[in-house]
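Please read this note with the sequence and the structure side by side.

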Amino acid sequence: MQFFLQWLLMASVQAAAAISPGPAFVVAVRSAMAYERRTGIFTAFGLGLGVAVHVLVVLCGLAVLLQHYTFVFDVIRYAGAAYLIYIGGKAILLTKRRDKAAPGDAIPDVPQAREMISGRKALSVGFFTNLLNPKAVVFFTAVFTQFIGPGTPVSVMMLYGLTSVVIEIAGVAVVLTDRRIKERFLGIVHWVERTCGGLMIGLGVKLAFSR
């Protein structure tokens with residue numbers, strides 16, 4: 001039961017981050033709004049593949065630290081908690097500023113595309129968007145170190161990694177390629193940011209008061 005709750009918390013943080021405005025989110029919105037649904041889905045799979053690379057690198061690195069450098073792992077873990085609190089607070093503050101300045105500027109208007117693009121190109125755009133985002137490595141390191149410890153089996157690490165990839169694909173493919181869902185979602189995007197920020201802060205605080 002405890003493991004399920006931890007997994008659910010991790011999945012919730014990943015889900016909030018996946019649909020929170022950022023480089024990947026903007027690319028997904030542009031793809032879904034400017035092209036047909038098929039293009040948006042290919043973009044989502046590309047984003048998921050990019051996440052898979054980061055997840056693999058992070059989990060392999062953490063596995064080595066757990067095996068040989070436990071002290072370094074602990075330092076990274078607490079630094080990760082501080083980072084989550086920081087980006088969570090930043091997300092909440094940004095939404096307040098946007099609400100006061102121009103509520104409609106959260107997601108820029110995207111003109112309709114005149115030409116269609118191939119599924120392969122959409123896939124590559126999504127893939128390289130996440131692959132070349134340096135903050136992704138920091139984010140996944142910050143999140144995974146809160147749930148992985150010396151006794152964590154490799155199978156559990158793989159489950160966490162797979163969960164992150166599936167959420168990235170499903171979150172974008174489902175939310176941003178269905179017109180009705182997309183229209184409703186874009187209307188509450190500032191609340192999504194606040195939810196994401198709150199989850200990040202909560203996770204960081206949880207670690208600060210636990211061993």
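1. Basis of the note. This is a predicted model, in which local features need pLDDT of at least 70 and side-chain atom pairs count only at pLDDT 80 or more, while totals for chains, interfaces and linings use all residues. Residues are numbered from 1 along each chain as its sequence is written, and side-chain values use heavy atoms, with hydrogens and water left out.

2. The chain as a whole. The chain holds 9 helices and 0 strands; helices (H or I, at least four residues) and strands (E, at least two) are DSSP runs, numbered from the N terminus. Of its 211 residues, 43% count as buried, where buried means under 20% relative accessible area, exposed over 50%, and partly exposed in between (1.4 Å probe, protein chains only). Among contacts (heavy atoms within 4.5 Å) between residues at least 6 apart in sequence, 88% join residues at least 24 apart.

3. The largest nonpolar core. A nonpolar core is a set of buried Ala, Val, Leu, Ile, Met, Phe, Trp, Tyr and Cys residues joined through side-chain atoms within 4.5 Å. Which residues of the largest core touch the most other members? Of its 24 residues, they are Leu62, Phe140, Val143, Phe144, Ile148 and Tyr160. Helices α1 (2–18), α3 (37–68), α4 (70–101), α6 (134–144) and α7 each supply at least two residues of this core, and α3 gives the most, with 7 residues. Apart from this core lies another, of 6 residues, among them Ala24, Ala44, Leu47 and Ala173. In soluble globular proteins, nonpolar side chains tend to be buried together.

4. Helices α1 and α6. Two packed helices are described by the angle between their axes and the distance between the axes. The axes of α1 and α6 come within 11 Å and cross at roughly 160°; axes are lines fitted to C-alpha atoms, for helices over the stretch in contact, and angles run from 0 to 180 degrees between N-to-C directions. The two helices α1 and α6 are therefore roughly antiparallel, a term for angles over 145 degrees. Met10, Val13, Gln14 and Ala17 in α1 meet Phe139, Phe140, Val143 and Phe144 in α6. The residues of this contact divide into 7 nonpolar, 1 polar and no charged, with Ala, Val, Leu, Ile, Met, Phe, Trp, Tyr, Cys and Pro counted as nonpolar, Asp, Glu, Lys and Arg as charged, and the others, Gly among them, as polar. Leaving aside neighbours within four places in sequence, Val143 is in contact with Met10, Val13, Gln14 and Leu84.

5. Helices α3 and α5. The axes of α3 and α5 come within 6 Å and cross at roughly 35°. Among the contact residues are Phe42, Gly46 and Gly50 of α3 and Ala122, Gly126 and Phe127 of α5. The residues of the contact of α3 with α5 divide into 10 nonpolar, 9 polar and 1 charged.

6. Is Thr163 buried or exposed? Thr163, in helix α7 (residues 154–175), is buried, with a relative accessible area of 9%. Not counting residues up to four places away in sequence, Thr163 touches Trp7, Met10 and Ala11. Arg120, found in helix α5 (residues 119–131), is exposed, with a relative accessible area of 74%. The C-alpha atoms of Arg120 and Phe42 are separated by 7.5 Å, although these residues are 78 residues apart along the chain.

Definitions and conventions: Parallel < 35°, antiparallel > 145°, perpendicular 65-115°, else oblique.
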